[in-house]
Each structure stands twice: as structure tokens, then as C-alpha cells.
Amino acid sequence: MIPVSFYLTLAALMFTIGVCGVAIRRNVIVVFMCIELMLNAVNLSMVAFSRTVGNLDGQIGVFFVMVVAAAEAAIGLGIIIALFRSTRSLESSEASELRR
Amino acid sequence: MMILFALLGALVIASAIGVVALRHPIHSALCLVLNLVGVAALYAMLDAHFLSAVQIIVYAGAIMVLVLFVIMLLNIKVEQPHRRGIILTLLATLAGVCFLGILAPLFYRGLRGFTDHSSKIEGTVEAFGELLFTRYLFPFEAASVLIMVAIVGAVMIGKRHQQGGSK
């Protein structure tokens, strides 16, 4: 049986890579994907904890995180398309003003 | 079991690095799909069978198709390297290592108090559904309202604005 701390270490590494990606990359779609990466890291740690503690509540939490991620994907990609229409680029540094 | 975990861990970490490091967004997205499938396999190893299936269907199936669709719709060029890029990358990596340094001791010291109930629970559809429709019924319904609002919001944001006057 694999100890839970292995899963948590893996999740921490994934989360850190996601944080670095948000800081490094300037393409908003890649930033979006890095946020998905971080959500997945947290999900993985919650499933690992759920098994360690011995009830399913953590997995229910993961389910709701997935629901929110789906909603976020719909809205986020809509915003990305609107941003591309108004600035003609996907650089996050181009989107520095709120009005059109 | 351990070998499988090591292989999956290597796959997950490598593809996560690929998401961040590759220049073209399509390559990043394909790496993310690989990552999501790897995480789904890890869920299966943790006896979360239902979540493993949902991960593949919802994440790798629906969300990533949406992302790839948007990438292809917008026809994005490869990101140009930036002047400050190297310094920024180094600083961000340093920040990440510091963050990991904060997290790592927590895992090894904080987990000692846990009693491991492993292998007592299984996230089958039956167990999952029973919990979801009894104790978590209200959050479940609220989630469906949230999805509905998100769809309407996405349509509103995506709609083309008419010239002059907000319609």
C-alpha cells in the first residue's frame, strides 16, 4: 500500500508547477490551463485524504470542485474570446484596461 | 503497485511541466490531457472509481475539448520569447521552490497523528450516489443552478455587441 504522503507530495509538486505556470506564461489560455492543473492537484490531495480518513466526504468535495471547474471553463473561455475580440491578442499584459 | 505509482507520478509531473514549458498552446493542451488521464489513473489506485470515470468524461472529454476548440478558433501564434523572460522564469521557479519548501515539512510532520483507515472505503457509484442524494442534496441542487447560471453567463459574454447602444 502506498503511503498517503506520496500522493500529497505529488499533489504539491503539481500545484507548484501550476503556480509557476501562472507566473511565467503570458498567454491567457495557458494560464487558464495552469489553473486547471492547480485544481487537479488539490483534487488529488483531497481524494488521498478521503481514503486516509476513511469516509467519502472528501470525494464529494472533489465532485463539487469538478462542477465549479466546468462552470469556470465555460465562463473563462467566453471571457477569453471576448478579450481576443477587443484586443486582437491573447497576451495577459495587453488586457490592462477595463473599458473597450 | 509501487512501480505503477512511480510510473504514473513521473507521467503526471512530466506532463505538468510540459503544460508550462511548451511554447505552442496546442501542445500545452495535449500535455494537460495526458496529465488529467494520469490523475484519473491515480484516482483509480485510490479506490475512487466514480471520480476516475468522471475525471475522464468531464475533464479530458468536455473541458479539454472546449479549450482545444477555443485555441483552434482563435488561431494563436507561438508565444514569442520575452526580454525579461529568463529573469521572470528564474524568479517564479525560485518562488515555487520556496512554496514547496513550506509544504513539504507539513506532509511529513503533520501526518504522524493520522490513523490510516485505508482500504475501508470505496468510491463506487452506489456509495457516492447515496451520499450525494442524502446529506449533500442541497449542494448538489445548488451546483445545478450554478451550471445553469454559468451557461447563461457564457452566452451573454460571448454574444457580439451591436454597434452603438448596448443590446
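**Entry 1: two phenylalanines**

I started with two side chains, A:Phe63 and B:Phe128, and found that both are buried. A friendly reminder to myself: this is a predicted model.

**Entry 2: aromatic pairs**

Next I looked up how many aromatic pairs there are over all chains. The count comes to 9. I picked A:Phe63 and B:Phe128 to look at: their ring centres are 5.8 Å apart and their planes stand at 70°, so I noted the pair as edge-to-face. I also checked where the two partners sit. A:Phe63 belongs to helix α3 of chain A, residues 57–87, while B:Phe128 belongs to helix α5 of chain B, residues 125–132, and the pair therefore crosses between chains.

Which kind of aromatic pair do A:Phe63 and B:Phe140 form? I found a stacked one, with 6.5 Å centre to centre and 20° between the planes. This pair crosses between chains as well, going from helix α3 of chain A to helix α6 of chain B, where B:Phe140 lies within residues 137–158.

A:Phe63 has a relative accessible area of 14%, so I wrote it down as buried. B:Phe140 has 24%, which means it is partly exposed, because the buried class ends under 20%.

**Entry 3: chain A as a whole**

I wanted the overall picture of chain A. It has 3 helices and 0 strands, and along the sequence I read the pattern α-α-α. Of its 100 residues, 60% are buried. I looked at the contacts between residues at least 6 apart in sequence, and 55% of these join residues at least 24 apart. The accessible surface of chain A is about 3700 Å², and carbon and sulfur atoms account for 67% of that.

**Entry 4: a patch on chain B**

Last, I turned to the surface of chain B. Which residues form a nonpolar patch there? I listed B:Ile86, B:Ile87, B:Leu90, B:Leu91 and B:Leu94, which together have about 560 Å² of accessible area. I took B:Ile87 for a check: this residue lies in helix α4 of chain B, residues 85–110. Is B:Ile87 buried or exposed? Its relative accessibility is 55%, so I counted B:Ile87 as exposed.

Definitions and conventions. Residues numbered from 1 in each chain as written. Chains lettered and ligands numbered in written order. Predicted model: local features only at pLDDT ≥ 70, side-chain atom pairs only at ≥ 80, totals over all residues. Heavy atoms only, no water. Phe/Tyr/Trp six-rings, centres within 6.5 Å; stacked < 30°, edge-to-face > 60°. Helix = DSSP H or I, 4+ residues; strand = E, 2+ residues; numbered from the N terminus. Buried < 20%, exposed > 50% of the residue type's maximum accessible area, 1.4 Å probe, protein only. Contact = heavy atoms within 4.5 Å. Areas by Shrake-Rupley, 256 points an atom, 1.4 Å probe, with all protein chains shown as cover. Patch = residues over 30% accessible without salt bridge, like charges linked within 9 Å, V, L, I, M, F, W, Y side chains within 5 Å. Salt bridge = Lys/Arg side-chain N within 4 Å of Asp/Glu carboxyl O.
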